[in-house]
Amino acid sequence: MNLEKLNKKISQCQRCELCKTRTNVVCGSGSDQSEIMFVGEAPGRKEDKAGLPFIGSAGKILDELIESIKIKKENVYIANIVKCRPPKNRDPKPEEVIMCKDWLNQQIAIIKPKLIVLLGRHSMDRFLPGQKISVDHGKPKRYNGKIYYPVYHPAATLYKRSLLEELQKDFQNIPKIIKEIKKEEKTEIAEV
Ligand code: URA
């Protein structure tokens with residue numbers, strides 16, 4: 001299945017209660033050829049209205065961060081662990097994360113990103129259980145054959161300004177990490 005077909009299927013999802021209160025399913029945005037995938041928590045009010053991820057105040061910060069590492073937004077893929085807005089922007093419930101799990105897994109299987117950047121604690125918990133964002137942010141982790149990079153959620157910097165500097169620093173390392181991954185891939189091919 002290609003990404004377009006998968007996202008069409010996701011758009012009709014009724015696996016959890018969130019389908020009753022959503023305006024739009026927010027599947028994701030960007031290229032199916034992306035080397036980097038950014039995974040946030042869940043859509044907010046603006047995202048729910050537009051059907052697009054990260055277009056509100058957190059999205060503005062994410063845009064600036066992506067721009068700061070000289071990467072074009074259209075060349076990355078941006079998605080969330082939960083595709084529908086939780087009412088009043090509450091945290092997604094564990095059962096909602098579980099119900100949505102397979103959609104994101106399928107998106108990752110199609111896109112095959114080299115690096116999955118986990119935006120915030122909820123996204124990190126979904127992929128890397130037992131880690132702590134204050135300790136593990138900015139450290140690439142290999143787990144089940146994929147490479148993850150947990151960072152603070154852009155929205156967290158709106159409430160705690162000091163986190164912005166940490167987030168900016170962690171983003172600056174992304175191009176270097178991608179380069180390392182590519183170098184490693186080349187070495188692996190040469191060894192075979
Ligand atoms: N915060 C998220 O985690 N995702 C969005 O799409 C918007 C804000």
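The mean positions of the 36 positive and 25 negative charges of the protein chain are 3 Å apart, where Lys and Arg count as positive and Asp and Glu as negative, with His and the chain ends not counted, and where the place of a charge is NZ of Lys, CZ of Arg, CG of Asp or CD of Glu. This is a predicted model, in which local features need pLDDT of at least 70 and side-chain atom pairs count only at pLDDT 80 or more, while totals for chains, interfaces and linings use all residues. Residues are numbered from 1 along each chain as its sequence is written, and side-chain values use heavy atoms, with hydrogens and water left out.

The protein chain holds 9 helices and 6 strands, taken as DSSP runs (H or I of at least four residues for helices, E of at least two for strands) and numbered from the N terminus. Its radius of gyration is 16 Å, close to the 16 Å that the globule rule gives for 192 residues, so the chain is as compact as a globular protein of that length; the radius is taken over C-alpha atoms, and the rule is 2.2 Å times the number of residues to the power 0.38. Along its principal axes the C-alpha trace spans about 50 × 40 × 30 Å.

Of the 192 residues, 47% count as buried, that is, under 20% relative accessible area, with exposed meaning over 50% and partly exposed lying in between (1.4 Å probe, protein chains only). Beyond its neighbours within four places in sequence, Leu115 is in contact (heavy atoms within 4.5 Å) with residues among them Ile36, Tyr148, Ile174 and Ile181.

Two loop positions remain to be considered. Gln131 lies in the loop between α5 (121-127) and α6 (133-136), and at 27% relative accessibility it counts as partly exposed; leaving aside neighbours within four places in sequence, Gln131 is in contact with Met124, Asp125, Asp136 and Lys141. Asp32, in the loop between β1 (29-30) and β2 (36-40), is also partly exposed, with a relative accessible area of 35%, and touches Leu3, Ile110 and Ile111, not counting residues up to four places away in sequence. The C-alpha atoms of Asp32 and Gln131, 99 residues apart along the chain, are separated by 28 Å.
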